[in-house]
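Look at the sequence and the structure first, then read on.

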Amino acid sequence: MLSSRLSTGAFRKAGSMAASRSTFLPSTKVRFASSSSSSNAFESFMNSRATLASVSLFTAGTIAWYTHLYGTLPFLGEVHASHLSDEGLHPPKYPWPHSGYFDSFDHASIRRGYQVYREVCAACHSLDRIAWRNLVGVSHTVDEARAMAEEVEYQDGPNDEGEMFMRPGKLADYMPAPYPNEEAARAGNAGALPPDLSLIVKARHGGADYIFSLLTGYIDPPAGVEIREGMNYNPFFPGGAISMARVLFDGLVEYDDGTPATTSQMAKDVVTFLNWAAEPEHDERKKTGIKAVILFSTLFALSLYTKRFKWGPIKNRKILYNPPTDKTGH
Ligand code: HEC
């Protein structure tokens with residue numbers, strides 16, 4: 001090694017040289033000849049009262065003009081009279097069965113949630129992005145999904161006479177919407193539009209926790225809060241006043257599997273269903289993710305081992321140079 005061959009004295013010598021050099025530096029300030037000539041005129045200009053006064057006036061004028069144009073200064077914070085409920089009460093974090101890295105959706109809950117959606121929410125909310133076939137293998141069998149689709153009439157056509165006709169639904173059809181268009185939906189809900197629920201879990205801050213809190217969070221407005229006629233108080237909804245009334249009440253639906261249909265049970269099930277609708281790839285995504293982590297960490301370990309194995313002899317070898325000895329003696 002190079003360092004081992006250098007004597008420790010060499011370092012000490014270098015260190016003392018660096019220390020001693022600083023003491024040689026002159027302590028007086030250097031004044032360059034070129035700067036001294038103009039500095040007198042400049043300094044007297046800077047120190048004059050006229051300059052001071054005009055600069056102050058210019059600054060005050062600029063600020064006044066800016067605030068006249070834009071109202072406030074950009075670096076001053078504004079204070080508003082606001083209330084927590086303007087932003088909506090933050091929902092608590094619920095222990096969803098599917099929230100862990102290794103957890104899939106609770107599919108029995110998706111099935112119950114579909115029933116709640118169909119019997120309650122579907123009266124007002126559409127679910128445009130979900131087709132009957134999407135339920136197959138997730139919450140229902142093919143025959144069940146087909147039977148449910150056939151109960152709905154869809155418009156199809158045109159036929160040979162150029163006329164549109166009605167036919168029973170097929171697996172490829174999408175969920176029927178309660179209203180033909182937005183205007184009809186607004187007209188049926190006192191001007192408020194019930195949003196499409198396909199992606200609602202992803203479209204709202206707080207996701208599943210928020211929707212669950214919203215559905216179960218209807219309470220009487222606190223003292224001093226006025227709610228307009230036809231609106232309902234819900235602390236989780238931003239602003240506090242929501243057009244949708246409370247829709248879930250104990251025993252509203254009757255589950256096939258005998259689960260007691262309490263308000264919170266129905267809310268949990270319908271939110272699980274809507275979470276699935278927003279993320280149908282969820283289970284597959286986690287499975288693929290785990291596979292990828294296992295595969296890539298194995299490959300990483302292998303490549304680390306191979307690299308050290310191959311480079312070990314190269315990095316540890318010692319190259320010696322033996323100069324040819326001059327045999328003639330010159
Ligand atoms: C009687 C009609 C009606 C029913 C039934 C109904 N909703 Fe609504 N829903 C509305 C209306 C109207 C709005 C719009 C509220 C607003 O913007 O003030 C709404 C809004 C929502 C929102 C969006 C809230 C937000 O943050 O913007 C969600 C989520 C929701 N409903 C879920 C459901 C679920 C789940 C069900 C079934 C359990 C359901 N709704 C049943 C009428 C209904």
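A residue counts as buried if 20 or more other C-beta atoms lie within 10 Å of its own, as exposed if 12 or fewer do, and as partly exposed in between. By this rule the buried residues of helix H11 are Gly 207, Ala 208, Asp 209, Tyr 210, Ile 211, Phe 212, Ser 213, Leu 214 and Leu 215. The model is a predicted one.

**The chain as a whole**

The protein chain has 13 helices and four strands. Of its 330 residues, 17% count as buried. Contacts between residues at least 6 apart in sequence can be sorted by how far apart the partners are along the chain: 59% of them join residues at least 24 apart.

**Helix H11 and the ligand**

Helix H11 covers residues 207-216. Nine of its ten residues are buried, so H11 is largely enclosed by the rest of the structure. The cover over these buried residues includes H10 and H12.

Which helix gives the most to the shell around the ligand? That is H11, with three residues. The ligand is surrounded by 22 residues, and the closest are Cys 121, Cys 124, Pro 194, Ser 243 and Met 244. Sorted by class, this shell holds 18 nonpolar, three polar and one charged residues.

Helix H6 runs over residues 107-119 and has 13 residues. From its first C-alpha to its last it reaches 18 Å, close to the 18 Å expected at 1.5 Å a residue. Ser 109, Ile 110, Arg 111, Arg 112, Gly 113, Tyr 114, Gln 115, Val 116 and Tyr 117 are buried in H6. Helix H7 (132-135) and helix H12 (263-278) are among the elements that cover them.

Two packed helices are described by the angle between their axes and the distance between the axes. For H6 and H12 the angle is about 100° and the axes are 7 Å apart. Angles of 65 to 115 degrees count as roughly perpendicular, and H6 and H12 are therefore roughly perpendicular to each other. By class, their contact has eight nonpolar, three polar and three charged residues. On the H6 side the residues are Ser 109, Ile 110, Arg 112, Gly 113, Tyr 114, Val 116 and Tyr 117. They meet Met 266, Lys 268, Asp 269, Val 270, Thr 272, Phe 273 and Trp 276 in H12.

**Helix H4**

Helix H4 (residues 49-70) has 22 residues, which should span 32 Å at 1.5 Å a residue; the end C-alpha atoms are 32 Å apart, which agrees. Is H4 largely enclosed or largely in the open? The number of buried residues in H4 is zero, so this helix lies largely in the open. After H4 comes Gly 71, whose phi is positive, near 90°.

**Backbone details in the loops**

Most residues other than glycine have a negative phi, and most peptide bonds are trans. Ala 190 has a positive phi of about 55° although it is not a glycine. This residue, Ala 190, is found in the loop between helix H9 (182-188) and H10. Ala 190 counts as exposed because it has 10 C-beta neighbours inside 10 Å.

Gly 157 and Pro 158 are joined by a cis peptide bond, with omega about 0°. Pro 158 sits in the loop between strand E1 (153-156) and strand E2 (165-168).

The table gives pairs of residues with their separation along the chain and between C-alpha atoms.

| Pair | Apart in sequence | C-alpha to C-alpha |
|---|---|---|
| Ala 203 and Ala 278 | 75 residues | 9.0 Å |
| Pro 235 and Leu 214 | 21 residues | 8.1 Å |
| Tyr 179 and Ala 122 | 57 residues | 10.0 Å |

Ala 203 lies in helix H10 (residues 200-203). With 12 other C-beta atoms within 10 Å, Ala 203 is exposed.

Pro 235 is in the loop between strand E3 (232-233) and strand E4 (241-242). Pro 235 has 19 other C-beta atoms within 10 Å, so it is partly exposed.

Tyr 179 lies in the loop between E2 and H9. Because Tyr 179 has 17 C-beta neighbours inside 10 Å, it also counts as partly exposed. Apart from its neighbours within four places in sequence, Tyr 179 is in contact with Ala 184, Ala 185 and Gly 188.

How values were computed: Residues are numbered from 1 along each chain as its sequence is written. This is a predicted model: local features need pLDDT of at least 70, side-chain atom pairs count only at pLDDT 80 or more; totals for chains, interfaces and linings use all residues. Helices (H or I, at least four residues) and strands (E, at least two) are DSSP runs, numbered from the N terminus. The expected span of a helix is 1.5 Å times one less than its number of residues. Two residues are in contact if their C-beta atoms, placed from the backbone, lie within 7 Å. A residue is near a molecule or strand if its C-beta atom, placed from the backbone, lies within 6 Å of it. Ala, Val, Leu, Ile, Met, Phe, Trp, Tyr, Cys and Pro count as nonpolar, Asp, Glu, Lys and Arg as charged, and the others, Gly among them, as polar. Axes are lines fitted to C-alpha atoms, for helices over the stretch in contact, and angles run from 0 to 180 degrees between N-to-C directions. Angles under 35 degrees count as roughly parallel, over 145 as roughly antiparallel, 65 to 115 as roughly perpendicular and the rest as oblique.
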